[in-house]
Amino acid sequence: MNLLFVLAVMMVAAEAAPGLDFGFPSIHSAPIFPAPVIPSPIFPAPTIIKSFSAPVISPPLIKAPIVAPSPFIKTIAPVPVIKHVAPATSYASITHYAVSPVVKLSVTRDQRMTVKRFYNKILPAHHQYVDLNKVLWSKNRYLTKMENVTENGKIYTVMSKETPVSPDLHNLVGVKSRSTVYKKKDVYKRLSIVLAILIVILFIAFIIALAEYIRASKMSKTICVSEECIRSAANLKLSMDLSVNPCDDFYKFTCGRWSNEHPNHGWYPHFSSFETADEKVAISVLEFLKSNMSNKYPLPVRQAKDLYLSCMDTATLDKLGYNGIIKYLHEVKLPVMPNFFNKTAHADFKFDWIKVEVALKKTFAMDNFIGLLVDADIYNRSRNVIYMGTPDSPCPLPSPVKSKNNQKIARRNNVEEKDLEKEKLKAEAYKRMVKEVIKRLSLNISSKVPNDLLVDEAANVIWNITSDLTELADINSTNNDLQFYKFKIDELQSLSDDYVGKNNLSSKVSWRRYVTVMFDNVANVTLDLNSTDYIYVPLEEVNYLPELAAYVSSIPDIYLELYMWWITTYTMILSTTTEMADLVARESEPFVTSTTYRSRSLDCTSLVINFMGVAVSYGIVDKTFTQSIKPKVETMLSDIKSAFIERVKRLKWMDKETKQATLEKTKEMISFIGFPEWLMDKEIIEQYYTNITMRNDTFLENMMAMVKLFTPTQLESLREETERTWKTDPTTVNAYNYFSDNSITVPIAILTQPFYHLGLEVLNYGAIGSILGHELTHGFDNIGRRFDKFGNYKQWWSNATIETFENKTQCFINQYGNFSIPTIEQKVDGQRTLGENLADNGGLHHAYLAYKNVVKKNGEESKLPGFQNFSSKQLFFIAFGSIWCESIDRDSLKFQLENDEHCPSSLRVIGTLQNSHEFAEAFKCPLGSNMNPKRERCRIW
Ligand SMILES: [Zn+2]
């Protein structure tokens, strides 16, 4: 892990996706490198497995509310209208009851039987006019009102009554019997009131039940045809390979056809859902930058457009030629052409490399030999301190060789034969490019063109130093403990001097001088290196600085100057003429290229996003986001947090005190969703980009106006406290947990398809929900758990709980450590990827629990069109799998296996789901299948 320290992991990283650290963050934080650009991959065709079993519909998460098919019968039918019943007449007096149609009675069986009995009693069985069976058993006939019957000149009323219908006089009464009316008056009155109340209650209950029934039937039976649902359905359907058994390889089941549907046009070596979202951002920013901008826009927004225009103005770039290079070489105290090409200068040449190293850092924000960073003290975030170690900040200016991937074009031990050959070719190509650039440049900026032999030698020197430094700084980090040595500067010096002395060299390195020159003229900072100002060096990099000191001391000054001249020149080379840019592109093709170059307009857009992400966000974000979307995402996060909290409360492996502290940390964890609210405030955004001048025709100058602010701003913060605030641009398609802030950041750029706005909550929870859960769980992974609720690195768990936790992690280390990729003979590093794997596993689980709670609260959702045969549980997991669809070439995969703390995406899906019994249940995966293996499931969170 060759980073400017584990800090990058500890405070800035922990992102959801691998290799996505492009996006030049705000000018107040350390620059992050643009995405690597190397040749595009051809994704291996998915294996077709015929034994696919169709997904089985599993029972809904909760039962739909039960509503009887005909609520009328039970609740309303036999309406007891006694209140209006006419006076009773003794039924005994009725001997001839001749009119059959009056027998319109309610339909429950009991009633029918009772009424039948009743009529049989009052009517002679032989009565010729009545067909009781026919009348009484006919269905769907209700007695909803009184029926008048005339018998022997008397009028009777037939009423219905609550079950059972009593063969009582009340049901067949003489209409005009006044005496009975008076006699029963009070009883009727009371009964009437009671019944009226009952009717009202029953009616309300009926309405509620009806509404619930309609809602439930709507939710569970309808198909969602919103634009979002249709888009999600199409995207998922076209990416899935239904010929694959989901229990064999869920990644292929979900993503098997993704590459066909998302052809990589060659701009990315690693093309995934994250890049597709990134492209959407780029294109909307491009449209915005091309639009007319009135003066009403904040100045930085208009400046972003100027930066774009200046990048597009190749005519002016050609006209300016190499003036920019000359100017900035001068600023960093380097000659226009290095003294290496002046043979007479070689003998006694002296070169102050520290002065230039500092100048490069301050002017170009670039670490060259030494990495330096001012950031929150890992042990006490209320103050900032100085960190030193391997170089980790490359210059933000566009350059063809920037990625860590490409820095690896160096000779290394333990590489496969095939790769060694490739490395050699790359080295040759690199040297050829160096030579061509030197020749072309010297023609233009110096009167003398060095001879070929000298240029050859220069290319060799440059290559050797480049590869030596790469090797020196290639430290494979396993420092999960994040231990830092706090050095007094003199201690560091004597450590270095010892090492240099052992190598029989005389030291050219004074660390005190390096740091002192660095902080020269920095406002509000007076260093006290003898007592209070320590240098923090990561444990694993403690040897780097002494080794570097020895290395630098072993190199002739003339070489050092040549190398630093080259690095500086090369950093600016793409910001000069079209001719030079073409030359570099052509010559560097064998070791860097994408197979296809993007249009300049898109490249320029990406550059503007990297430099002025906050300003362009002003132009592209949905202005209603804060009111409409943000609260929903916050609710989702809070649902997931609640699920996590519930989980923690039930944990058996954690003691009570640690549990309490864990709950407190969860509560204290803050989130930054979408974009900073001040983004829409013209005054604040102008203040944010204060002191920057831009013109629409000075590309290099424009970029440098910003780059030159980075380091001084950071150095000035040494005596300040790092704010808990936004530390990435809203335009970044990623999410973060900043351990030292105990915060989660979810930029608006990731709140898009295929992560969010998917039409159904089940999809949203499966996708962005699992990412939110991932970031939340990071706070409690093997590294995050070491930071307390305030973001300070300290022990806040009990020893016993730590021990149990560590033991439990072994399950994950073993599980992932056994994974390999068929095309590469290399296994996943279960230890290095542990934190990410814990976050993936916990994240998915909590998102799932949170979703279940949502269903409990709101009921089942509609179906996704084309997915009616899939249960909502299954859809949840499909949505989760789909966010990790990608095409990746062998080189990138290999690089990822060797360096990244994230597993290859396919294994992130498989590994996580193998541990999910909910998944196995949803897809009915037989025990022993690949996705439901016969072993203990790993689970911590
Ligand atoms: Zn992560």
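Two residues count as in contact if their C-beta atoms, placed from the backbone, lie within 7 Å. This is a predicted model, in which local features need pLDDT of at least 70 and side-chain atom pairs count only at pLDDT 80 or more, while totals for chains, interfaces and linings use all residues. Residues are numbered from 1 along each chain as its sequence is written.

**View 1. Helix H24 over the sheet.** Helix H24 (residues 630-650) lies across S9 and S11, running at about 145° to S9; axes are lines fitted to C-alpha atoms, for helices over the stretch in contact, and angles run from 0 to 180 degrees between N-to-C directions. Helices (H or I, at least four residues) and strands (E, at least two) are DSSP runs, numbered from the N terminus.

**View 2. The open sheet S9-S11-S10.** Three strands make up this open sheet of mixed pairing, where two strands pair if DSSP finds at least two bridges between them. Strand S9 (670-674) and strand S10 (736-738) are at the edges with a single partner strand each, so one side of each has no neighbour in the sheet. S10 and strand S11 (residues 743-747) run antiparallel and are joined by three bridges, and asparagine 737 is opposite isoleucine 744 in S11.

**View 3. Surroundings of valine 616.** Apart from neighbours within four places in sequence, valine 616 is in contact with Val285, Phe288, Ala304, Val608, Ile609 and Thr731.
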